Structure formats: C-alpha cells, structure tokens
Amino acid sequence: MEVINTSGRRKTSVARIYMTSGQGNITINGRDYKEYFPSEVLQTIVNQPFQTLESIGKYDVKANLRGGGVSGQAEALRLAISKALVVENAETKTALKKEGFITRDPRMVERKKFGKRKARRSFQFSKR
C-alpha cells in the first residue's frame with residue numbers, strides 16, 4: 001500500500017494526513033495522539049473510523065493539525081482518516097457514511113455584524 005494523502009476540516013481546524021499500512025501508530029504534529037489528545041473522548045473520536053471497520057492497528061497515520069480547538073481538530077482528523085480509508089477501499093464507504101464520518105460538518109462561527117454586540121445580540125433597549 002502506498003501513502004494516501006487526504007485532508008479533513010471542521011470549523012476552523014484543518015487536518016492533513018498521510019496514511020500507510022503499519023502497526024497502528026498515530027502521530028500528530030510529531031507527537032503521539034494520546035499525548036496530543038489527553039482526553040479519552042477525543043481519542044475515541046479519532047479511532048472511530050478504525051473501530052467501525054474493525055481495522056485498529058492496521059494503519060499508520062501521520063497528521064498535521066492547524067487551527068481551531070481540540071474538539072474541532074479531533075473531528076477534522078476523523079474526517080481525514082475516513083476519507084483515506086475510502087480511498088484505500090471503496091467498499092467501506094457505506095459503513096462510514098452510515099455512521100456520518102464521511103460528511104463534512106459545515107457549521108462555522110457566524111461573523112459579528114456592525115452595530116451589534118455579537119453576531120446577533122443587540123444592545124439592551126431601555127425606554128424611560
């Protein structure tokens with residue numbers, strides 16, 4: 001198996017990965033993923049595509065993560081891994097799509113409008 005290069009995005013986070021067959025090592029920005037994501041929940045989010053296909057420990061992943069927060073980065077990495085698994089074997093797309101791992105979540109932070117305190121929050125009106 002050659003190197004598969006894909007990317008995933010979530011909010012303002014971008015994950016670029018290089019996946020090869022191996023022992024299941026996941027490296028993020030030069031660090032182990034368990035060190036990068038100390039939370040157990042975020043570690044399971046990263047491993048969900050492998051758990052769905054029952055292929056834990058079959059692929060090595062090197063990832064570059066930029067932008068956003070830790071949960072957005074974990075979900076961007078999950079999308080990138082799912083896309084790489086589909087490139088490697090197209091038959092896995094139905095199982096991953098059923099779990100919702102292939103679909104990019106388009107929700108972004110709404111920009112602040114002028115004349116408002118936040119994106120939609122107006123100043124308090126008081127009639128005296």
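Predicted model: local features only at pLDDT ≥ 70, side-chain atom pairs only at ≥ 80, totals over all residues.

Residues are numbered from 1 along each chain as its sequence is written, and side-chain values use heavy atoms, with hydrogens and water left out.

Helices (H or I, at least four residues) and strands (E, at least two) are DSSP runs, numbered from the N terminus. Two strands pair if DSSP finds at least two bridges between them.

Now the sheet. It is open, and its five strands come in the order β1-β2-β5-β3-β4, with mixed pairing. β1 (4–10) and β4 (31–32) are at the edges with a single partner strand each, so one side of each has no neighbour in the sheet.

β1 pairs with β2, residues 13–21, in the antiparallel sense over seven bridges. Thr6 has Ile17 in β2 as its bridge partner, and Arg10 stands opposite Ser13 in β2. The hairpin of these two strands, β1 and β2, has two residues between them, and there Lys11 takes a positive phi near 55°.

β2 also runs antiparallel to β5, joined to it by eight bridges. Met19 has Val61 in β5 as its bridge partner.

Last, the helices. Angles run from 0 to 180 degrees between N-to-C directions, with axes as lines fitted to C-alpha atoms, for helices over the stretch in contact; contact means heavy atoms within 4.5 Å. Helix α2 (residues 40–53) lies across β2, β3 (26–28) and β5 (59–66), at about 145° to β3. Helix α3 (residues 70–88) lies across β1, β2, β3 and β5, at about 145° to β1.
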